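Me: I am new to this structure. Show it to me first, and then let me ask what the labels rest on.

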Amino acid sequence: MACLAVTLSHLWPSFPLERILYEDDDLIVIDKPVNVSTHAPDAGRTDDAVSRLKMALGERDRVPAEQVYLGIHQRLDRDTSGVLLFTRRKSANAEIAAQFEGRKVKKTYRAGVVGWPHKLSSGVLTHTLAAGEGGRMKVVSASAARPGARNARPPIGQQAITRYRVLERRGERAILELSPETGRTHQLRVQVAAAGGAIAGDHLYGQQPAHRLMLHAARLELRHPASGAPLEVRAPLPVDLGQWLGDPAMRALEGDVLQARLQAAIEARWALGTSSDTTAFRVVHGEGDGLEGIAVDVYGEHLLVHFFSDEALAHKESVLDAVASLGARGVYTMVHPKQSNTLVDPRN
């Protein structure tokens, strides 16, 4: 990782080792942060989970990152957080691959869903999915994808199966437990939408606003590739998802939610934070990071907090305390009046 000339470099470690959920000679399982791709989408990018974890393990074990082996057997979408498994040596690959391909690995997710039909409390979702436009998947007729059916067209889709259970409801909101038995692209998001609901924050298949996709890989169950013993790994529920059901307002500028969203925003700017050529950039983008009414800029060793609304100013103390805890040399504030002719105390 590039060395930074600013004291804020501690905010962007190669990968936070406290997110390692399980590790031995054969496997490593992490709690992938939201806004981090599983592997690099483009050549030369290093802000993905695989590249960053290799760097962190290399630093920890004092070996070059290119000598760290990580075998990829599953992936999570960039917007999905939670349990993600890699093999640590090639001898474990065959057994792990056989379990994933044979549907022997049980994956369990938690999803914050709006508009889930009340008649659906538990059961199985079965759809046929095919590639649509703009990177989207779509549900197609099963008969169109079933070879041998009368007047059937050539197969154009793959079957997707997901078990679901409603864990809790409050009004139009519900927390669902989702256990996919197949591994199709965007499977959970497409199937939830096809059943009449929408995962909050899903801009492809639903229109229910949230600052992040409310989808979290909570648990992974499999057999250890060496011993054959059952292995279950869980990732703690993100603060946002844990409070989303009971607090629609989310009080984002207070307490644990504020801290969690600050950390998520910092994580999302990892590439900027680790660039040796960039010492000034915006690290918190207001509503886009679930922190409406505020923005935070990095200027070398210092942070500048912008307040754009009366509501944000009402939480000024808690916001500044949270930002100060990040360890900058100094924290400055700027208040932006609603009216351009309003005077602002220049000492802010």
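**What stands behind the labels**

Me: What covers the buried residues of helix 9?

Reply: The cover includes helix 6 (255–268), strand 14 (294–299), strand 15 (302–307) and strand 16 (330–335). Contact here means heavy atoms within 4.5 Å. Helices (H or I, at least four residues) and strands (E, at least two) are DSSP runs, numbered from the N terminus.

Me: What kind of model is this, and how are its values taken?

Reply: It is a predicted model: local features need pLDDT of at least 70, side-chain atom pairs count only at pLDDT 80 or more, and totals for chains, interfaces and linings use all residues. Residues are numbered from 1 along each chain as its sequence is written, and side-chain values use heavy atoms, with hydrogens and water left out.

Me: Which residues of helix 9 are buried?

Reply: Helix 9 spans residues 316–324, and its buried residues are V319, A322 and V323. Buried means under 20% relative accessible area, exposed means over 50%, and partly exposed lies in between (1.4 Å probe, protein chains only).

Me: How do you know that the buried residues line one face of helix 9?

Reply: Look down the helix axis. The buried residues fall within an arc of 95°, so they line one face. The arc is that of the directions from the helix axis to the C-beta atoms. The face of helix 9 turned away from the buried side carries E317 and D321, which are exposed.

Me: How many aromatic pairs does the structure hold?

Reply: Two. One of them is W116 with Y164.

Me: Why is the pair of W116 and Y164 called edge-to-face?

Reply: Rings of Phe, Tyr and Trp (its six-membered ring) pair if their centres lie within 6.5 Å; planes under 30 degrees apart count as stacked, over 60 as edge-to-face, the rest as tilted. The centres of W116 and Y164 are 5.4 Å apart and the planes stand at 70°, so the pair is edge-to-face. W116 lies in the loop between strand 5 (106–114) and strand 6 (122–131), and Y164 in strand 8 (residues 158–170), so the pair ties together parts 48 residues apart in sequence. W116 and Y164 are both buried.

Me: What makes the contact of R329 and E301 a salt bridge?

Reply: A salt bridge needs a side-chain nitrogen of Lys or Arg within 4 Å of a carboxyl oxygen of Asp or Glu. For R329 and E301 the distance is 2.8 Å, N to O, so the pair qualifies. R329 sits in the loop between helix 9 and strand 16, and E301 in the loop between strand 14 and strand 15, 28 residues apart.

Me: Are R329 and E301 buried or exposed?

Reply: R329 has a relative accessible area of 58%, so it is exposed. E301 has 18%, so it is buried.

Me: How many salt bridges are there in the whole structure?

Reply: The search finds 22. Among them is R45 with D42, at 3.5 Å, N to O. R45 has 36% relative accessibility, so it counts as partly exposed. D42, at 43%, is partly exposed as well. E23, R60, D61 and R88 are linked in a network of salt bridges.

Me: Where does H186 lie?

Reply: H186 is in the loop between strand 9 (173–180) and helix 4 (187–194). Phi of H186 is near 55°, also positive in a residue other than glycine. Its relative accessible area is 15%, so H186 is buried.
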